[in-house]
Amino acid sequence: MLLVVTYSQSARSSLRNVCRIHEGTVVRRLGRAALFEETEHGAFLGLRLREKHPDSVQVERTEPFNEFRDVDESVRAAAIDYENRERESTPYAKFAAGTSHPEPETLKQTEL
Amino acid sequence: MRVDLSSYDLDPAAVATTVRAADGPFELEPTAAHEHVGCITPEMEFDRRAAMAAAARTRDVTTTVDDALASAREERRELEPIDPETTDARRRVAEAAAELDELREEVAAKRGRLNAHREHGDGNKAEAEYLDAVRSLSEAETEYAAAVEQLEEAEAAARKARDERERQLQLVDRIDNLQRTAREERVDAIRPAVEDAVRAAPGDSTELATADGPTAAMALARVSELRAPVVLSCRRFSDVETAGRWLDASVIRL
């Protein structure tokens with residue numbers, strides 16, 4: 001999909017207009033951002049917005065996230081175990097210390 | 001029903017609770033207004049605005065948003081987003097892709113071996129292994145294509161469910177707004193009758209805003225349909241009959 005984020009009042013109101021008129025191409029509206037279908041029409045709308053507001057429109061192309069393909073098993077297991085931790089208040093760093101779960105710094109420095 | 005129980009030492013709140021109980025002594029369930037003004041005591045205070053809205057509801061006051069509210073609630077009830085399971089589909093794609101990569105390497109390796117053997121003129125075994133690997137690769141390609149298709153279907157269903165969830169959120173906001181509007185309109189519609197009742201009440205109150213708690217409650221009880229006796233423990237009327245006539249309700253006097 002195409003992610004369109006706006007960074008000014010005027011860009012935001014243009015985006016709102018586009019979303020209203022072209023419902024079929026808009027997958028989701030998220031306040032000052034929107035997801036467009038990954039079609040030429042989606043691209044066309046994104047480009048028009050960028051043309052109109054060159055400095056305040058960002059267009060990104062998103063990819064489906066498949067954790068089984070993109071993410072190491074240790075990270076998946078850490079997420080599952082941390083969400084099922086016994087005490088809600090335990091911070092992750094403390095939770096991971098002394099276990100096989102990755103350290104927060106490792107997580108931050110390892111790209112997918 | 002007009003009963004004077006003032007010779008007994010009864011707790012008004014306890015009597016009101018009994019009156020309101022679902023399995024209580026009265027055939028009809030007391031209306032929402034009874035919660036607000038069904039128990040009138042000397043020191044009472046209550047949310048007058050909420051009581052007015054409840055009073056108006058008992059009088060079937062209609063508002064300009066009734067239809068919109070009904071249809072929004074109806075739509076809200078009908079929306080039941082079913083969230084499809086996409087995890088297994090993602091896992092299947094990932095596994096099929098890994099398998100595919102592995103088999104591609106295997107085919108390339110076996111092709112190399114086959115070529116080497118052919119140069120030496122003894123390629124039969126290597127050829128069979130190569131053909132085996134090609135067959136496995138072809139099967140893996142089919143499996144991968146099927147997995148991708150299944151994931152696409154699951155994601156399309158997930159997207160539809162998210163559309164419905166978003167619609168639900170919009171409807172909840174819309175219903176909240178409409179309820180607010182309806183309440184304001186109901187309060188406005190019932191206000192003249194309540195103000196009249198305040199002025200007609202025993203005492204010298206002239207408006208709801210400045211009337212004491214019991215006076216405001218009596219006025220609201222008078223304009224409400226309560227369907228159950230008012231529990232009255234303040235002495236504003238000479239007797240229970242007078243109170244009942246003025247309140248236009250059954251009364252239990254304590």
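## Around B:G213

B:G213 touches B:M44, B:E45 and B:F46, leaving aside residues up to four places away in sequence; two residues touch, or are in contact, if their C-beta atoms, placed from the backbone, lie within 7 Å. This is a predicted model, in which local features need pLDDT of at least 70 and side-chain atom pairs count only at pLDDT 80 or more, while totals for chains, interfaces and linings use all residues. Residues are numbered from 1 along each chain as its sequence is written, and chains are lettered from A and ligands numbered from 1 in the order in which they are written.

How far apart are B:G213 and B:F46 in sequence and in space? They are 167 residues apart along the chain, yet 7.2 Å apart in space from C-alpha to C-alpha. B:G213 is partly exposed, with 17 other C-beta atoms within 10 Å. For burial, 20 or more other C-beta atoms within 10 Å of a residue's own make it buried, 12 or fewer make it exposed, and anything in between is partly exposed, again with C-beta atoms placed from the backbone.

## The helix that holds it

B:G213 is found in helix α7 of chain B, residues 213–223. Helices (H or I, at least four residues) and strands (E, at least two) are DSSP runs, numbered from the N terminus. Of the 11 residues of α7(B), 10 are buried, so this helix is largely enclosed by the rest of the structure. Among the buried residues are B:P214, B:M218, B:L220 and B:R222.

What do the buried residues of α7(B) pack against? The list is α2 (32–37), β2, α3, α6 (124–200), β3 and α8 of chain B.

Chain B has an open sheet of four strands in the order β1-β4-β3-β2, with parallel pairing; strands count as paired if DSSP finds at least two bridges between them. Its edge strands are β1 (2–4) and β2 (39–40) of chain B, each pairing on one side only. Two bridges link β2(B) with β3(B) (residues 230–232) in the parallel sense, and B:C39 has B:V231 as its bridge partner in β3(B). Helix α1 of chain B (residues 12–20) lies across β2, β3 and β4 (251–253) of that chain, running at about 170° to β3(B). Axes here are lines fitted to C-alpha atoms, for helices over the stretch in contact, and angles run from 0 to 180 degrees between N-to-C directions.

If you like checking backbone torsions, here are two residues to look at. B:D60 has phi near 55°, a positive value in a residue other than glycine; it sits in the loop between α3 (48–58) and α4 (66–78) of chain B and is exposed, with 7 other C-beta atoms within 10 Å. B:D248 also has phi near 55°, positive in a residue other than glycine. B:D248 lies in the loop between α8 (240–247) and β4 of chain B and is partly exposed, with 14 other C-beta atoms within 10 Å.

## The chain A sheet

On to chain A, where four strands form an open sheet in the order β2-β3-β1-β4, paired antiparallel. The edges are β2 (26–30) and β4 (57–61) of chain A, each with pairing on one side only. Neighbouring strands of this sheet are turned by 15° against each other on average, direction ignored. Helix α1 of chain A (residues 9–21) packs on the sheet and touches β1 (2–6), β2, β3 and β4 of chain A; its direction makes about 140° with that of β1(A).

Between β2(A) and β3(A) (residues 33–36), which run antiparallel, there are four bridges. A:R29 stands opposite A:A34 in β3(A).

## Helix α2 of chain A

Helix α2 of chain A (residues 40–52) lies across β1, β3 and β4 of chain A, at about 20° to β1(A). Which residues of α2(A) are buried? They are A:G42, A:L45, A:G46 and A:L49. Seen down the axis of α2(A), the buried residues fall within an arc of 95°, so they line one face of the helix; the arc is that of the directions from the helix axis to the C-beta atoms. On the other side of α2(A), A:E40 and A:E51 are exposed. The cover over the buried residues of α2(A) includes β1, α1, β3 and β4 of chain A.

## Where the chains meet

Five residues of chain A are in contact with six residues of chain B. On the chain A side, two are nonpolar, one is polar and two are charged. In this scheme Ala, Val, Leu, Ile, Met, Phe, Trp, Tyr, Cys and Pro count as nonpolar, Asp, Glu, Lys and Arg as charged, and the others, Gly among them, as polar.
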